[in-house]
Amino acid sequence: MLKLQLDKLLLMNRMQDRLQFEYQPMQEYIEQLISTDNKEKEAKSNGLRYVSHRYQFEKAIEYFEKKFIEDGTTSDENILNKKQFQVDVQLKKIFPDHTDVYHVPHGQSDQDIARHFINEIGTDDPFYIVDVSHYPKQYMKWKCYFPDIQVFYAMKTNDNDFLIKIIERLGGGFDCASINELKTVLALCPDIDCSKRIIYAHPCKPISHIKYFQEKNVQLTVVDNEDELIKLEKHWPNVQILIRLKTKDSKSLISFSDKFGANEHIATRLFQLAKKLNLNIVGCAFHVGTGCYDDNAFQHALQFAQQIFHIAKKYQFHLTILDIGGGFPGFDEDHRPSFSQLAQTIQQSLDEYFPQRENIQIIAEPGRYFAAASMDLVASIIACRSNNKDYLNFSSKEEKENVDKDLIDNIYYINESTYGSLSNILYENTTYSITCLRKEHSQLVEHDETKYKSIVYGPTCDSLDIVSLGVDLPLLNIGDHLLFYHVGAYSSSLSMKFNGFQTTKYYYIWKD
Ligand SMILES: Cc1ncc(COP(=O)(O)O)c(C=O)c1O
């Protein structure tokens, strides 16, 4: 069984390579067919070509029709091809006519793209660059590795319209944790069947929110304590319940198991109480912590879930849903398990602990996986203190010991903040990779330019608003830009308007 599964994974790996490869000729084909209008010509002269995404998808459909439907073989590969085809058919219907998405032909660098928009925006406001193509690509990748695990995208990660619509059209559902998250989904996807595609995945629910979810016909939620069961008996007695389990998540960027989750003893008590209250427990859920860098965490959690499925039987509960939560990386990084490694561990553990799972629906709540690498952020230097050493006059000994500010050559103040899109610097200790672009024609700084020890501060009055302490940067000026990569997860959703600063400008692109 295990070997079979590994073979399947290997095939999927090969498919994944192939799918990425397939994008290329598809885009070339599309390019030949794109009509030229004035807006396109204008954008072309700036290095980017404007196309209507609707048009683009229609051509994509033609391509897939020709390529896959006419080719009638029934190999595994072809089945996956058809899945991809269906993905594209769905995409055709997604986009409203009015939103501009810039088509970025293959080979254009992130810096080129940033440079284009810096020239276009014409102000010193910060902005996001959102690669819309990232969402269907990630979805397809998910389906390659986890053909049978349904996505319930975690709304808290980023509630971007495109992201939500794409997930919905591709057949995914949503993990909503509040009235407002559900309202956002409903506003964008008014026809969504909440009974099948929404999970109220918060173990601690305000009564008013329970009522709203119930009104909208949501039928699935999670619980990790007896008081919540008693609340549900009173306010949502017919809901289907998953028991949220504790996990070994200490190695994750942010762990949840101190705050949420039942151990075996508590889970047993929950079954007993649910029986008494006539409540319907249908499965279990876990979350290995967001930013999970330990593939054993999934293995342990699935082993624990297996025990819970066994215990359930003792109390005549027949569990049919297994929710494996989030924790998947948004992009691969050195020295950390990649998405494909985690997927492999999960598939192996599922085979080991749930070998007969035909009657179990497996779902997941990925957030970071979809959002992180879809957005870059461009901020600009609004003020600076060059030759910082000239200003040093520390009065307190403590301050002097605390910081090696003696060594800092330059200080920069940018227009994006740790109270805004960059709060993960505080919460997750994130170090973003940065590229500098000069004001003049947004030129890149030369590779061999001398670098100086620098501090980058956010724009607010708060001295804790530190974007980077002691980073090596070339000599920069007011009006130069910093490009931050992979700022899509837990950025805009955590940002606040402290001191009146907040990034609201978005440019959308579709990358080949
Ligand atoms: C219940 C729940 N599900 C899913 C997620 C998404 O996690 P991730 O972004 O790691 O995929 C979170 C994150 O906080 C969560 O609390």
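Guide: The protein chain of this predicted model has a secondary structure of 17 helices and 18 strands. Of the 512 residues in the protein chain, 43% are buried, and among contacts between residues at least 6 apart in sequence, 78% join residues at least 24 apart.

Visitor: What makes helix 7 count as largely enclosed by the rest of the structure?
Guide: A residue is called buried if 20 or more other C-beta atoms lie within 10 Å of its own, and 7 of the 9 residues of helix 7 are buried, so the helix is largely enclosed by the rest of the structure. The buried residues are Phe 162, Leu 163, Ile 164, Lys 165, Ile 166, Ile 167 and Glu 168. Their cover includes strand 3 (127-131), helix 6, strand 4 (149-154), helix 8 (179-188), helix 15 (368-371) and strand 18 (505-511). Just after helix 7, Gly 171 takes a positive phi of about 105°.

Visitor: How do helix 6 and helix 7 pack, and which residues make the contact?
Guide: Helix 6 (residues 134-145) and helix 7 (residues 161-169) pack at an angle of about 35°, with their axes 9 Å apart, and the crossing is right-handed. The contact is made by Tyr 135, Pro 136 and Tyr 139 of helix 6, together with Phe 162, Leu 163, Ile 166 and Ile 167 of helix 7. By class, this contact of helix 6 with helix 7 has 7 nonpolar, no polar and no charged residues.

Visitor: Why are helix 11 and helix 12 called roughly parallel?
Guide: Helix 11 (residues 226-235) and helix 12 (residues 264-277) pack at an angle of about 20°, with their axes 10 Å apart. Angles under 35 degrees count as roughly parallel, and helix 11 and helix 12 are therefore described as roughly parallel to each other. Their crossing is right-handed. In this contact, Glu 226, Leu 229 and Glu 233 in helix 11 meet Arg 269, Leu 270, Leu 273, Ala 274 and Leu 277 in helix 12. By class, the contact of helix 11 with helix 12 has 5 nonpolar, no polar and 3 charged residues.

Visitor: Which residues join helix 12 to helix 13, and how do the axes of these helices cross?
Guide: The axes of helix 12 and helix 13 (residues 295-314) come within 10 Å and cross at roughly 30°, in a right-handed crossing. Helix 12 contributes Glu 264, Ala 267, Thr 268 and Phe 271 to the contact, and helix 13 contributes Gln 307, Ile 308, Ile 311 and Ala 312. The residues of this contact of helix 12 with helix 13 divide into 5 nonpolar, 2 polar and 1 charged.

Visitor: Why is Ala 177 called partly exposed?
Guide: A residue needs 20 or more such neighbours to be buried and 12 or fewer to be exposed; Ala 177 has 19 C-beta neighbours inside 10 Å, so it counts as partly exposed. Ala 177 is found in the loop between strand 5 (173-176) and helix 8. Leaving aside residues up to four places away in sequence, Ala 177 touches Lys 156, Ala 201 and His 202. The C-alpha atoms of Ala 177 and Ala 154, which are 23 residues apart along the chain, are separated by 8.6 Å.

Visitor: Which residues come nearest to the ligand?
Guide: Of the 16 residues around the ligand, Ala 154, Thr 290, Gly 326, Gly 367 and Arg 368 come nearest. By class, the shell around the ligand has 5 nonpolar, 7 polar and 4 charged residues.

Definitions and conventions. Residues numbered from 1 in each chain as written. Predicted model: local features only at pLDDT ≥ 70, side-chain atom pairs only at ≥ 80, totals over all residues. Axes fitted to C-alpha atoms, helices over the stretch in contact; angles between N-to-C directions. Helix = DSSP H or I, 4+ residues; strand = E, 2+ residues; numbered from the N terminus. Parallel < 35°, antiparallel > 145°, perpendicular 65-115°, else oblique. Left-handed = near helix turned anticlockwise from the far one by under 90°. Contact = placed C-beta atoms within 7 Å. Nonpolar A, V, L, I, M, F, W, Y, C, P; charged D, E, K, R; others polar. Near = placed C-beta within 6 Å.
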